[in-house]
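Trainee: I would like to learn how to read a sheet and an interface. Can we work through an example?

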Amino acid sequence: MSDISRRKLITTGVAAAAGVTGVGVAARLAQKYGLVPPDHGGIYGIGETLTYASQRLLTTHSLAREFSQSQISKPPFANEMEPPTDAFKRLQAGGFVDWRLSIDGMVDRPSTFSLAQLKSYPSRGQITMIQCEEGWSYIAEWIGVPLSHVLGLVGVHPQAKYVAYFSFQPDWWDSMDMADALHPQTFLTYGMNGGELPVGNGGPLRMRVPRQLGYKNVKFITHLTVTDSLKSFGKGLGSASPEGGYAWYAGI
Amino acid sequence: MCEFCASRDTIRRMGDTASIPVPASVAPAAAATPRHSALVRVTHWITTLCFFALLVTGVEIVISHPRFYWGETGNILTPTLFKIPIPSSRALVPTGYGYVMPDQNGWSRYLHFQAAWLLVLTGLLYVIHIFFSGHLRKKLLPSKGDLSWRALATAIVKPLRFQRPTAAEAWSYNVLQRLTYLFVILVLFPLVILTGLAMSPAFVSAFPLTVNLLGGQQSARTLHFFVSVALVLFLLVHVLMVLLAGFWSRVRAMITGRAGADMERT
């Protein structure tokens, strides 16, 4: 073996070892600082982890773009949805006065809220875009109470890492990390464009996460669980979306 | 055969038989230097792999909404800039077909971003390499003399006449190739990345200028589509040129680094 090829071999070996160690250290650090998404397993896990980690580092405090009144989409658009169940129709007939939002998990005071209670808290509005992973989008004014306000009322434990949220629609649930849960634009939304939130757009209560795609904005919210691990929820992938083949993190 | 090629061939034949010293730039020792360096070869094939993954998954994503808009928003209730006349994988999208395509969006999105990451990292490595190794200056930037209409015309006309490049030409790029590669590397690829990022609600929350400069999120999506079409056109011409120049010889040069028999230098 000539000197040059031996030197090359040693250099390559050292570089490879450094690379493997570097990846290992990076993975540990990412895990420690909450930069690994719950659906990090499988063949697409690397890409998902890179996207989630880099966007968490870049966008922790950034605000979704807001628009002017004149940019609100006309006519208002509502995506297709499954036909409402009889139980939903009964609640709708009663003007949703019996609609409840319950919060449990890692909180000091597990609580249940009516829509009237939620509407009594400081109300916020934002004109933001909702965009679907398919390609369509619309801008609307969303009115609601910041999720952070309601989480403050129930007292979130410091070790909490995620908020899982569940729809009235069976088997439809999702979750987000605390960066999104405490984000000032994350709303429990009950109004749209100056009126009540239409059922087609998720009324009476929709989770609005404007820095993520449409499917993270789950309609008909009835229940929240604050947790430090998503392993025991569903298949442990963080939401119903990865179980259906879609990414948990939808900041893309 | 044109005069230019004939004279070049004569020089080569003379070199074969009479051992006339040939300038190093025309025919250096063949064994020592590969046609393409290892880094160029590896990044080329990773890029190829990623490009096909991105193309297939991109098409799948477009099928779920084959309508394009300009500005910030667009949906089935708003006018389109143009539509692609294919059935959609969503029943709600009016396409004129009584048929809904199978939905492949989930894995397509996962793979699209996975391939995009690999392509961006590979591209970064390649760009750093060409800037610092002299590859950019020696092999991609056209020389002053090359930037003449005559040189451009020759470069355009030769392949149109289905003339194979001479051995010497096979070892470097003509002015048209250089300009095209530079355009693809420094314009089209950065643009396709930028327009892709401009569609991300999280990314633009931190860098709103990326989408505002493009005229809105739907404009970014439409531009992403057009730049992708431009890249596909480049790919088609690129493969056609390789076919004209001698497919296996060029592909072998890009895999092993060794030139094919028709590219061998004396």
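Predicted model: local features only at pLDDT ≥ 70, side-chain atom pairs only at ≥ 80, totals over all residues.

Mentor: Residues are numbered from 1 along each chain as its sequence is written, chains are lettered from A and ligands numbered from 1 in the order written, and side-chain values use heavy atoms, without hydrogens and water.

Trainee: In what order do the five strands of the open sheet in chain A lie?

Mentor: Strands (E, at least two residues) and helices (H or I, at least four) are DSSP runs numbered from the N terminus, and two strands pair if DSSP finds at least two bridges between them. Here the order is β2-β1-β10-β5-β6, with mixed pairing. The edge strands, β2 and β6 of chain A, each pair on one side only.

Trainee: In which sense do β5 and β10 of chain A pair?

Mentor: They are antiparallel, over six bridges. A:F166 stands opposite A:H223 in β10(A).

Trainee: How is the size of an interface often given?

Mentor: As the accessible area lost when the parts come together. Buried area uses a 1.4 Å probe and is summed over both parts. Between chain A and chain B it is about 3,300 Å², with 58% from carbon and sulfur atoms.

Trainee: How many salt bridges are there between chain A and chain B?

Mentor: A salt bridge puts a side-chain nitrogen of Lys or Arg within 4 Å of a carboxyl oxygen of Asp or Glu. The count is four; one joins A:E133 and B:R90 at 3.2 Å, N to O.

Notes:
Buried area = accessible area lost by both parts, 1.4 Å probe.
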